[in-house]
Structure formats: structure tokens, C-alpha cells
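Hello,

Here is the structure for your files. My notes follow below it.

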Amino acid sequence: MTDASVQLAPRGVLAGFVKGFRVVSRGADARPYVRLPDGEVDLVIRFRGERGAAHAIGPRLSPLRKGTEVLTPQMLVVRFKPGGAYPFFGLPMSELTDRILSLDTLWGTEGARLREALTEAPSVVDRLRLLDTALTERLRRGDVFEPAGAYTVRRAVRLLTEATELPRVDALARELGVSARQLRRAFDDVVGMGPKEFARVVRFQRAVRASERAATPDWGAIAVAAGYYDQSHLITEFKHLTGTTPGALMRTRLQSTAARGGVERRNE
């Protein structure tokens with residue numbers, strides 16, 4: 001049995017903050033998990049028999065690698081948009097960067113009750129409904145207040161992710177009507193990294209996606225298209241963010257995908 005993943009789009013008020021829900025089923029031949037830097041936050045609930053565990057995985061500036069010994073047969077994953085997780089956790093996202101914290105730690109007894117309810121729910125549909133309700137209620141009740149710069153940060157995130165040429169931090173700050181220092185501080189709180197680091201992650205992800213679309217990646221062309229100065233700049237950035245070269249990283253990811261059978265179904 002290979003790994004399988006079903007992705008569901010959020011609805012209602014959650015759509016502005018949540019990128020998607022995933023239901024993951026892992027087979028006995030599951031491969032090690034690697035998550036690359038992407039500027040996003042995950043809430044992961046793992047199920048094994050009658051036991052469950054729930055953790056928030058913070059935004060990454062380095063890869064997260066998990067061996068097969070920690071993988072569970074079934075998981076629910078909530079992927080938050082960049083800057084979208086703060087209202088649900090109520091702490092500066094910089095405190096979560098490159099870290100994993102349990103939901104019990106973040107939400108106290110409320111987190112423990114939700115984890116237990118999810119574990120005891122009779123079906124995946126019930127689990128998704130419980131999770132959707134808990135997140136929606138937490139967002140609506142208003143006892144977690146966002147930093148004053150949250151709206152500015154989310155606007156900056158859109159500008160960076162949609163920009164053909166990534167702007168410098170000072171130019172981005174001027175366009176948003178704030179100082180570069182204010183923007184950096186707000187990014188640390190809401191995204192978990194500075195705007196310069198987030199722009200590097202955006203550029204890195206563009207290069208990764210372009211390489212996955214090509215049978216034989218032309219790293220020089222990918223570097224130019226993604227916004228690097230040249231291929232040497234791309235290689236340096238890949239080593240900084242992943243500890244390895246672009247070619248070695250892509251070979252590892254292709255082997256992992258082939259081993260999983262490339263199974264992923266989307267319901268959007």
C-alpha cells in the first residue's frame with residue numbers, strides 16, 4: 001500500500017487564513033518525510049489506534065525531515081497560508097520558526113480536549129467537521145488579537161508571491177506606507193521570518209516548482225526565471241536553505257515520489 005493524500009479546500013471565514021486540509025493515509029512501505037522551507041505553518045494530527053497527537057509545525061528556514069518510525073497510518077493536516085496562522089495560536093510566529101510545539105502546549109486544556117475528541121471521532125468526515133468547527137470558533141470568538149501590522153503583512157505577502165521581480169525590503173515598505181523596521185518586526189510576528197527571508201523562500205519555491213515541471217531541469221534558465229542573478233546564486237541559496245545542491249535535492253524528491261506511487265487526489 002502506498003501513501004495517499006486527499007486535499008480539501010477551506011470554506012467560510014477559514015478561507016482567508018487556511019490554505020487547505022489534507023487527509024493522509026500511509027502504507028507499510030511509507031518513505032521518510034521531507035518538508036522544504038515554504039513560509040507556511042501546519043497543524044498536524046496523527047492517529048495510531050486509540051492514541052493521537054497534535055502538533056503545530058512552524059514556518060521553515062531549513063528542511064524538516066522525519067523518519068518512517070514517527071509516521072502514522074493516518075493524519076489530518078491543516079496548512080495555513082503565510083501569515084494566516086497567528087489568529088489561531090496567539091503567539092509571535094517567530095517563536096514557532098523551525099520548531100514543533102504540541103497543541104496541548106499552545107492551547108492548554110482546550111488543545112487536549114480537541115485532540116481527544118478527534119481521536120475518538122468515528123470517521124474522517126467527523127474528524128474534519130470537528131477540526132473545522134474548532135478553528136472557526138477560535139477565529140470568531142476574538143480572544144486572540146492580531147498585531148496591528150497583520151493586514152500590512154498579508155498585503156506584503158500577496159505582493160511578494162505575485163511579483164514577477166521580487167522587490168527589495170525598503171522598496172516594499174515604501175509601497176506599503178511603513179518603515180522597513182516596522183515591516184520586519186511585523187513579519188516576525190505574523191509570518192515567523194523577516195520579509196527578506198520570506199522573499200528568499202518565495203524565490204526558492206518558484207525554482208523548486210519549475211524544476212519539478214521539467215523532465216531534465218535547466219538550472220541556468222530556472223535561475224533566471226525564478227529571479228536569481230545566475231545559476232551560481234541559485235546553487236548557493238539552495239545550499240543555504242536545504243544543505244544540498246539543487247540536483248541532489250530533486251533526485252531525492254523524485255525517488256520519494258516514485259516510491260509513494262505519486263498518489264495525490266485533490267477535491268477543491
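Is Arg 35 buried or exposed? With a relative accessibility of 3%, Arg 35 counts as buried (under 20% relative accessible area, 1.4 Å probe, protein chains only; exposed is over 50%, partly exposed in between).

Before the rest, the basis. This is a predicted model, where local features need pLDDT of at least 70, side-chain atom pairs count only at pLDDT 80 or more, and totals for chains, interfaces and linings use all residues. Residues are numbered from 1 along each chain as its sequence is written, and side-chain values use heavy atoms, with hydrogens and water left out.

Arg 35 sits in strand β3, residues 33-35 (strands are DSSP E runs of at least two residues, helices H or I runs of at least four, numbered from the N terminus). Its side chain makes a polar contact with that of Asp 42, at 3.2 Å (N or O atoms within 3.5 Å, one able to donate a hydrogen and the other to accept it; residues adjacent in sequence count only if both atoms are side-chain atoms).

Arg 206 lies in helix α8, residues 195-213. Arg 206 is buried too, yet has no salt bridge (a side-chain nitrogen of Lys or Arg within 4 Å of a carboxyl oxygen of Asp or Glu). The nearest side chain of opposite charge is Glu 162, 8.8 Å away (Lys and Arg count as positive, Asp and Glu as negative; His and the chain ends are not counted).

Then helix α10. Its buried residues are His 233, Leu 234, Glu 237, Phe 238, Leu 241 and Thr 242. Just after α10, Gly 243 takes a positive phi of about 80 degrees.

Best wishes
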